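The tour goes from one selection to the next.

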Amino acid sequence: MYRLLIVDDEPVIVNGLIQLFQENTEFELDVCKAYSAAQALSIAKKMKLDILVSDIRMPQKTGLQLVDEIAYYWPHCRIIFLTGYSEFDYVQAALRKSADNYILKTEGIDPIFRAVGEACHKLDEENSRRIREEKASMHFQIAAPVLKNERIRRMLKGEPAASLLADPRYEELDFRLNAEESAFVVIGRIDNPEDLKPQEALESVQRAFHNNLPDSITCESSISDEHIVVWLLQPQAELLGRFLHPDPEAQAWKGFMAYMKGILELVQNECEGLLGASVSFGVSGDLSKGWVTIRDQYSALLSALESRVSFGHKMIVIDIEQAHQPFSPDSGQMKQEDMKSWVINQIQSFIQHHLSGDVSLTAIAEHVHFNPSYLSRYYKQMTGQNLQDYIQSKKLECALHLMQHTNLKLIEIAARVGFDSHSYFTTFFKKKMGVSPQEYRNSK
């Protein structure tokens, strides 16, 4: 499943496009929206983006400027520009940005559908190419350097990083991380090792990880055992600086971690497509506050991943704060089937309590620590219903209840069920009920 972000400073255009894409059964897309370049950039920092459909002329920051920012985080994102102007200078600028397409808004929806379809096809081809190259490279396995693995294992057991870096045994080995700056650990666990050749699978997971890791994050890695890989990672100062917030109390690290989880989602999707391997990830806190905590964080993350996988869950992404919290109140006594029912209840409860806010696939997945693409499949497998259909049914159910039992204005009801546009709510309601919200209310 690819993620499409639609950006325009005119909400009616954004909401109209989202509705048309949701109604078009040709596409299987996770569709997101933004009403400004700043809002789009905020989304890009939190989740991976595959296709960008953006207005080229917007206040504060143009679509052309936005593309440069998006490419920093997601260099493989396909770009489609929309405009109300057929100006040659804009066409030239769009071509220089390597945009896939440049479409006039007056041309209607069909050219946009075709452009997104072509972008999906290009993404499919790129993924297939990487998979072919990866499969070819499996025949040329290279064992991980023994000493490098040994040194990282000793770090994970709690030996001081400074003494290990000064140890003459490792003096010929390069260690690219600075132990005095912000760094963190990522654990990758193959959830279904019994279905794969262990060594090939681990090395392929490592390559997928490195292929999707930006140059702005320095990495050292180690294979821990036959289904565990460990990465020591350090973001460059310039990358962390992009997540600074005007509020001095806000932490750049938290924003950066949301971006990192987006990268891990990308790796999970590639590993599943490449190997049929589901991979779960655990992410530590900032080690600059004390590398001595690395052993305890590693143990907590590994234990949390093992516990979740034992309940039949796959493609988990969990951070150290979540690892220290029990996933469910009775997880120690729960059976696998009980846990599956509990997870579905958590998903549905989250949706019902956040109808007026963010009930995107990414937000729900963060709540239950799943990969967003896997969450969608998991919910359909467990319930027989598409997650998007459930969300829409709850929005409609809530709207009907508010119309029948309150005197709220229709625009207030629209906001209560997550529509920031009254016209978008009216279109949604009429499609579901056959009459407009006002007609329905008048009939009661």
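Predicted model: local features only at pLDDT ≥ 70, side-chain atom pairs only at ≥ 80, totals over all residues.

Residues are numbered from 1 along each chain as its sequence is written, and side-chain values use heavy atoms, with hydrogens and water left out.

**Helix 2**

Select residues 37-44, which form helix 2. Helices here are DSSP runs of H or I with at least four residues, strands are runs of E with at least two, and both are numbered from the N terminus. The buried residues of this helix are Ala-37, Ala-40, Leu-41, Ile-43 and Ala-44. Buried means under 20% relative accessible area, exposed means over 50%, and partly exposed lies in between (1.4 Å probe, protein chains only). Seen down the axis of helix 2, its buried residues fall within an arc of 155°, so they line one face of the helix. The arc is taken from the directions that run from the helix axis to the C-beta atoms. Contact means heavy atoms within 4.5 Å.

Go to Gln-60, in the loop between strand 3 (51-55) and helix 3 (63-73). Gln-60 is not a glycine, yet its phi is positive, about 65°. Its relative accessibility is 81%, so Gln-60 counts as exposed.

Next select Met-315, in the loop between helix 11 (294-310) and strand 10 (317-319). Phi of Met-315 is also positive, near 50°. Is Met-315 buried or exposed? Met-315 counts as buried, at 0% relative accessibility.

Select Glu-220 in strand 7 (residues 217-225). Glu-220 is buried, with a relative accessible area of 3%. Which side chain is joined to that of Glu-220 by a polar contact of 3.3 Å? The partner is Lys-148. A polar contact is a pair of N or O atoms within 3.5 Å; within protein, one must be able to donate a hydrogen and the other to accept it, and residues adjacent in sequence count only if both atoms are side-chain atoms. Leaving aside neighbours within four places in sequence, the residues in contact with Glu-220 include Asp-174, Arg-176 and Trp-231.

Trp-231 is also in contact with His-210, as are Cys-219 and Ser-221. His-210 lies in helix 8 (residues 198-212) and counts as partly exposed, at 35% relative accessibility.

**Helices 13 and 15**

Show helix 13 (residues 336-353) with helix 15 (residues 372-383): their axes come within 11 Å and cross at roughly 115°. Axes are lines fitted to C-alpha atoms, for helices over the stretch in contact, and angles run from 0 to 180 degrees between N-to-C directions. Residues making the contact include Val-343 and Ile-347 of helix 13, and Leu-375 and Tyr-379 of helix 15.

**Helix 18**

Finish at helix 18 (residues 422-433). Its buried residues are Tyr-424, Phe-425, Phe-428 and Phe-429. They cover an arc of only 130° around the axis, which puts them on the same side of helix 18. Among the elements covering them are helix 1 (11-23), helix 16 (387-405) and helix 19 (437-443). Gly-434 follows helix 18 and has a positive phi, near 85°.

Conventions. Expected span 1.5 Å × (residues − 1).
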